[in-house]
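Here is a short briefing on one protein model. Start with the sequence and the structure below.

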Amino acid sequence: MDTLSDMSVFVEVARAGSFKGAAEKTGLTASGVSRKIGRFEDRLGARLFHRTTRAVSLSEAGEVLYERGEKIIESLRDAEDVVRDLSGRPRGQMRIASSATFTANVLIPFLSSFAKEFDEITATFLQADGGIDIIGERVDLALLFKQPTETTVISSKVFDDPWIVCASPEYIERNGMPAVPHDLTDHKCLTIHASRQTDDEWDFIESGKPITVRVESVYSGIGLAMRKAALEGLGVARLAHYLVCQDVLDGKLVPLLSQYWPKCDRAIYAAYPNREYLPTKSRVFLDRLQEYMLKTMIKVDN
């Protein structure tokens, strides 16, 4: 009888709300999960789930067991992390959540240097666009654009992520460089369109006062698409720092009007489960990522 194995599968079913969802996390088939839960219930002499054709929900006995069982599984995971850390070098598998764009444009390039130093740390990247259940998805580390408020997670700012107004050298050669923010009204601009809104009002600080310039939006879409449009010389864009910082360092995009950029009110936040012990693998990943991003920060002249 493998109580820990049964408890682990039970916790995954409770989190997923279905045998199929738990199967994806445990490597078992849905029928295998169902049989395992059935045997666990028989051994305990209690029904743990209410079952329907579409989902399962915890019974009263299941609620009691889940409250205690989840803590047991997390404590065991903490103990395993402590032992791994005692071995010397950080190692193990990580589950890292972030937006698809942040993963592709920051985390994957970052791995080229991180992997050379920590080749025993492996990772599965989860998509966090629209939010993610950090506890339910067993996330070790999440990189988010908004600071979470849940008491089940700990979060902190990793680095600022200001807007960067930029254009390609080819566009500037053809159209000239704006000298002051209001010059943008004479330029073709690339704007972010999200949540049914187009961000065509750009904020600046001029003579110590905040101003807003309404730009002509010739093309609009998600940030990743507008970055590509800017690289192709189609206009001036205002994009997130993380999205274009490497392009600026490489000379593919040129920062414009940096002396007028407002103080940054945007950031990337790290979030992880509120556990007794933060594994070294998570800590070194976060520390090295922060160092990596600080090296790419674009200087603001204001």
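In what order do the 5 strands of the open sheet lie? The order is 4-3-5-15-6, with mixed pairing. This is a predicted model, in which local features need pLDDT of at least 70, side-chain atom pairs count only at pLDDT 80 or more, and totals for chains, interfaces and linings use all residues. Residues are numbered from 1 along each chain as its sequence is written, and side-chain values use heavy atoms, without hydrogens and water.

**The sheet**
- Strands (E, at least two residues) and helices (H or I, at least four) are DSSP runs, numbered from the N terminus.
- Strand 4 (121-127) and strand 6 (153-160) stand at the edges with a single partner strand each, so one side of each lacks a neighbour in the sheet.
- Strand 3 (residues 92-98) and strand 5 (residues 141-144) pair in the parallel sense over 2 bridges; pairing takes at least two DSSP bridges.
- Alanine 97 has alanine 142 in strand 5 as its bridge partner.

**Helices on the sheet**
- Helix 9 (residues 280-295) packs on the sheet and touches strand 3, strand 4, strand 5, strand 6 and strand 15; contact means heavy atoms within 4.5 Å.
- Helix 5 (residues 100-117) lies across strands including strand 3 and strand 15 (267-273).

**The lining of the largest pocket**
- Among the elements that each supply at least two residues of this lining are strand 8 (188-194), helix 7 (223-231) and helix 8 (241-249).
- The lining residues divide into 16 nonpolar, 9 polar and 6 charged. Here Ala, Val, Leu, Ile, Met, Phe, Trp, Tyr, Cys and Pro count as nonpolar, Asp, Glu, Lys and Arg as charged, and the others, Gly among them, as polar.
- A pocket is an open set of points on a 1 Å grid over the protein atoms alone, where a 1.4 Å probe fits, with protein on both sides within 12 Å along at least five of seven lines; lining residues have an atom within 4 Å of a point.

How values were computed:
Axes fitted to C-alpha atoms, helices over the stretch in contact; angles between N-to-C directions.
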